[in-house]
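Let's take a walk through this protein together. Have the sequence and the model at hand, and we'll go from the whole to a few of its parts.

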Amino acid sequence: MSQGRKETGALDHRGSALSHYGVMIVSRIAMPGGFLAAALILPLYMFDRPLRIRARGPGPDAWPTVFLNAIAAIALFWIIAEIWALYAAHKRKKPAPVATKTEVYSYPKAAAAIALLLAFGWLLPNVGFPIAALLFIFSWCFLGGIRNPVALICVSVIGMITLLWVFMGLALMPLSRGAGIFDDFTVWFLRLVRIY
């Protein structure tokens, strides 16, 4: 009789452990799974008809497709990494490390981030996209804790040029060039990076 109780207890324990791991897997892959599903489903609803008329370059449907494909690939790698981490933790059979220090939500940083977005919206028509994007990326990285000046400058310049090529070079979007001397500077810079 006691043997039957032990076997029943062992089966119950094994079943609860499996359900626990199932819940953990589902909870950890829910977000990347959602991103993956959205990246695969959204292209079906982006355009009513295929865009074939293009002056030069891939056209306006290129950059959303590239971004969604990148999101899908990253989400897939994220799912694989989460499953692998759970498998490795199960193999080690060690308890998860207890977090000793938790980050506190910073309201001043959140307010500064909102102010940065508003400043970017105000600067864009006045100084043009290249300067506004450069200042925005620089300030955002600084707000995020990057203090190395070489890293700040490199990330800002490379990020701004990448955004210029994605939006103006590939998608052919007419972003603001600014007013006055900023317009002249933007045209010069776009020629420098071979967009014009």
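**A tour from the whole to the parts**

The protein has 7 helices and 0 strands. Read from the N terminus on, its elements simply go α-α-α-α-α-α-α. Keep in mind that what you're looking at is a predicted model.

Start with the protein as a whole. It has 196 residues, and 23% of them count as buried. Its exposed surface comes to about 14,300 Å², with carbon and sulfur atoms supplying 71% of that. Now think about who touches whom: among contacts with a separation of 6 or more, 68% are between residues 24 or more positions apart.

Next, zoom in on helix H5, which covers residues 129-143. With 15 residues, H5 reaches 20 Å from its first C-alpha to its last, close to the 21 Å expected at 1.5 Å a residue. Which residues of H5 are buried? They are Phe129, Pro130, Ile131, Ala132, Ala133, Phe136, Ile137 and Cys141. The cover over these buried residues includes helix H4 (107-127), helix H6 (149-170) and helix H7 (181-192). Following H5 you'll come across Gly145, which has a positive phi, near 110°.

Of those covering helices, let's take H4 and see how it sits against H5. The axes of the two helices, H4 and H5, come within 8 Å and cross at roughly 170°. An angle over 145 degrees counts as roughly antiparallel, so H4 is roughly antiparallel to H5. If you'd like to trace the meeting of the two helices, the residues on the H4 side include Leu116, Leu117, Phe120 and Leu123. On the H5 side, look for Phe129, Ala132, Phe136 and Trp140, among others.

Finally, head to the segment after H7, where you'll find Tyr196. Is Tyr196 buried, exposed or partly exposed? Its relative accessibility is 45%. Buried means under 20% and exposed means over 50%, so Tyr196 counts as partly exposed.

What does Tyr196 touch, leaving aside its neighbours within four places in sequence? Its contacts are Met168, Arg177, Val187, Leu190 and Arg191. Take Met168: this residue and Tyr196 are 28 residues apart in sequence, and their C-alpha atoms are 9.3 Å apart in space. With Arg177, the side chain of Tyr196 makes a polar contact of 3.4 Å.

Notes. Residues numbered from 1 in each chain as written. Predicted model: local features only at pLDDT ≥ 70, side-chain atom pairs only at ≥ 80, totals over all residues. Heavy atoms only, no water. Helix = DSSP H or I, 4+ residues; strand = E, 2+ residues; numbered from the N terminus. Expected span 1.5 Å × (residues − 1). Buried < 20%, exposed > 50% of the residue type's maximum accessible area, 1.4 Å probe, protein only. Contact = heavy atoms within 4.5 Å. Areas by Shrake-Rupley, 256 points an atom, 1.4 Å probe, with all protein chains shown as cover. Polar contact = N/O pair within 3.5 Å; in protein donor to acceptor, adjacent residues only side chain to side chain. Axes fitted to C-alpha atoms, helices over the stretch in contact; angles between N-to-C directions. Parallel < 35°, antiparallel > 145°, perpendicular 65-115°, else oblique.
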